[in-house]
Amino acid sequence: MFDVLIVGAGPVGLTAAVVLTQRGRRVLVVDDQAAGANTSRAAVVHSRTLELLAPYGVTPDLVSRGVHTPVFTIRDRDSVLLTVPFGNLPTPYPYTLMISQADTEALLLKRLQNLGGQVRRPAEVTAVTHHTDGVIATCADGGQIHAHYLLGADGLRSTVRQGAGIGFSGSTYAESFVLADVRLSGGMPADEVVLYFSPAGLVVVAPLPDNRHRIVATVDVAPAEPDVPFVQRLLDERGPQARPAIVEQVVWGSRFRVHHRIADAFRADRVLLAGDAAHVHSPAGGQGMNLGIEDAVAAGEVLDRVLGGEPTALLDDYAAARHRTAERVITMAGRLTDVATLPRHRRPFRNAALRLAGTVPAVRRAAALRLSGLDRR
């Protein structure tokens, strides 16, 4: 019998497994995919996340692999509206780390395996039942897994959450988002994340390892696989003008709709939720995976304490605290998205307000603390 069964082998599930395994607990991770992520998807790791992962031996490899970006800038084409510097933050990691999710998962898996942990793939959990001192997870092949506790880290359409009868309240934005990892030439900075506003809409351009850049943009209808002409048109309409960015290659692309949803509860008896199984929201501010990793560290540490004999009421404390934090982050991401997608006639007022705010050092520092996650210490 396992101490904890973790459903989902993305960054959230693997983080929880590393925490628990390093603390000597018997853990099994199961995932319905035959292999880990092979695209960049979530590409932002914030300062607070690096701090949380440091005691578990993951941060040095992440820091070595990723691109350090000490500045986040909002521009209207070539005009700077607001600069958010991370360089003076009170942390050993005063920057945003840009790294492919595939790399993040690979490094977490490497650490888990070095600790003696295991991931079983493909293994689809179809039902979860409780018994006196644990849970039984039934898999699609008919096999059963027994554990004292179960952590659902299985994403937006979480089987664990649905099986636990936990609601998922919220809504979906009308706009589509397009993502593309590209090779660029031209005037894009190599150490800066830039959010461009323009009459045509917004586009985010951020550096990635291996001389790639991540492009994120809102569009009315996003293509399933954005190609070079499509991404080039986005940059021509919304990006820098003085030194235009030229798209040489689209390495990977995707599209998605933005949901703002939060689980009605993060605990049901011996089942806990973390990551996208518990909350999903706009990519504005790059908070999604970071918030999920925070969940995972908190869940792993509280489960270790309860397994060690401390009161099970600690699990309720986890659920309540993480729900409050998720609500705050979802609100922030929603406001950022609303500001970025304002109707055309309101954008000049937005730009003027941002320029004014950008002249106040306290505003810039508060924005850096919020985006980096350091305000959630």
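Colleague: How much area is buried between domain 1 and domain 2, and what share of it do carbon and sulfur atoms give?

Modeller: The size of an interface is often given as the accessible area lost when the parts come together. Here about 1400 Å² is buried between domain 1 and domain 2 (accessible area, 1.4 Å probe, lost on putting the two parts together and summed over both), and carbon and sulfur atoms give 63% of that area. Pro283, Ala340 and Thr341 supply 32% of the area that domain 1 buries against domain 2, more than any other three residues. Please bear in mind that this is a predicted model, in which local features need pLDDT of at least 70 and side-chain atom pairs count only at pLDDT 80 or more, while totals for chains, interfaces and linings use all residues. Residues are numbered from 1 along each chain as its sequence is written, and side-chain values use heavy atoms, leaving out hydrogens and water.

Colleague: Turning to the open sheet of 3 strands, what is the strand order?

Modeller: The order is S3-S7-S4 with antiparallel pairing, where strands are DSSP runs of E, at least two residues long and numbered from the N terminus, and two strands pair if DSSP finds at least two bridges between them. Strand S3 (44-45) and strand S4 (67-69) stand at the edges with a single partner strand each, so one side of each is left without a neighbour in the sheet. S4 pairs with strand S7 (residues 96-98) over 3 bridges, and Thr96 in S7 is the bridge partner of Thr69.

Notes:
Helices (H or I, at least four residues) and strands (E, at least two) are DSSP runs, numbered from the N terminus.
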